[in-house]
Amino acid sequence: MTVRIWPDTEPALLDLLPLIHVAWSDLELSHGEIASIRDACDCEADGLRAAVDSWLDPDTPPTTGELARMRRWIREADREPSPTPSLQRLEDALGTSSAAA
């Protein structure tokens with residue numbers, strides 16, 4: 001059983017949850033998706049690296065319950081008034097930008 005790390009334990013993970021969720025949306029994780037997530041991650045802190053790695057094992061996809069919990073975290077974060085610098089890095093990695101809208 002994989003032990004997942006959540007933003008209540010590692011708050012910096014919250015900025016990466018949308019990318020992780022999209023990558024797992026087909027319940028498969030490619031090497032390219034893993035590389036993109038790691039590139040978007042400022043994983044200098046060991047805690048954040050462990051948190052991200054807890055989601056990036058292609059042999060242990062998240063359960064439907066974990067995906068639902070992830071969506072709740074993302075929705076709650078979406079209610080925040082302004083994007084964080086990490087969110088900007090995520091948008092840059094995905095090739096999207098809320099500033100251009």
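This is a predicted model: local features need pLDDT of at least 70, side-chain atom pairs count only at pLDDT 80 or more; totals for chains, interfaces and linings use all residues.
Which side chains meet in a salt bridge at 3.0 Å, N to O? They are those of D53 and R38, where a salt bridge is taken as a side-chain nitrogen of Lys or Arg within 4 Å of a carboxyl oxygen of Asp or Glu.

Residues are numbered from 1 along each chain as its sequence is written, and side-chain values use heavy atoms, with hydrogens and water left out.

To return to that pair, D53 lies in helix α3 and R38 in helix α2, so the bridge ties together parts that are 15 residues apart in sequence; helices here are DSSP runs of H or I with at least four residues, numbered from the N terminus. D53 is partly exposed, with a relative accessible area of 36%, and R38 is partly exposed at 43%, on a scale where buried means under 20%, exposed over 50%, and partly exposed in between, using a 1.4 Å probe and protein chains only.

A search of the whole structure finds 2 salt bridges, and E66 forms one with R4, the closest N and O atoms being 3.3 Å apart. Because E66 lies in helix α4 and R4 in the segment before α1, this pair ties together parts that are 62 residues apart in sequence. E66 counts as buried at 16% relative accessibility, and R4 is buried with a relative accessible area of 10%.

Leaving aside neighbours within four places in sequence, S54 is in contact (heavy atoms within 4.5 Å) with T2, V3, R4 and I5. S54 counts as buried, at 8% relative accessibility, and a polar atom of its side chain lies 2.7 Å from the backbone oxygen of A51.

Let me finish with helix α2, the one that holds R38. In α2, I34, I37 and A40 are buried, and, seen down the helix axis, the buried residues of α2 fall within an arc of 130 degrees, so they line one face; the arc is that of the directions from the helix axis to the C-beta atoms. The face of α2 turned away from that buried side carries the exposed residues H31 and D39.

Terms used: A polar contact is a pair of N or O atoms within 3.5 Å; within protein, one must be able to donate a hydrogen and the other to accept it, and residues adjacent in sequence count only if both atoms are side-chain atoms. Helices (H or I, at least four residues) and strands (E, at least two) are DSSP runs, numbered from the N terminus.
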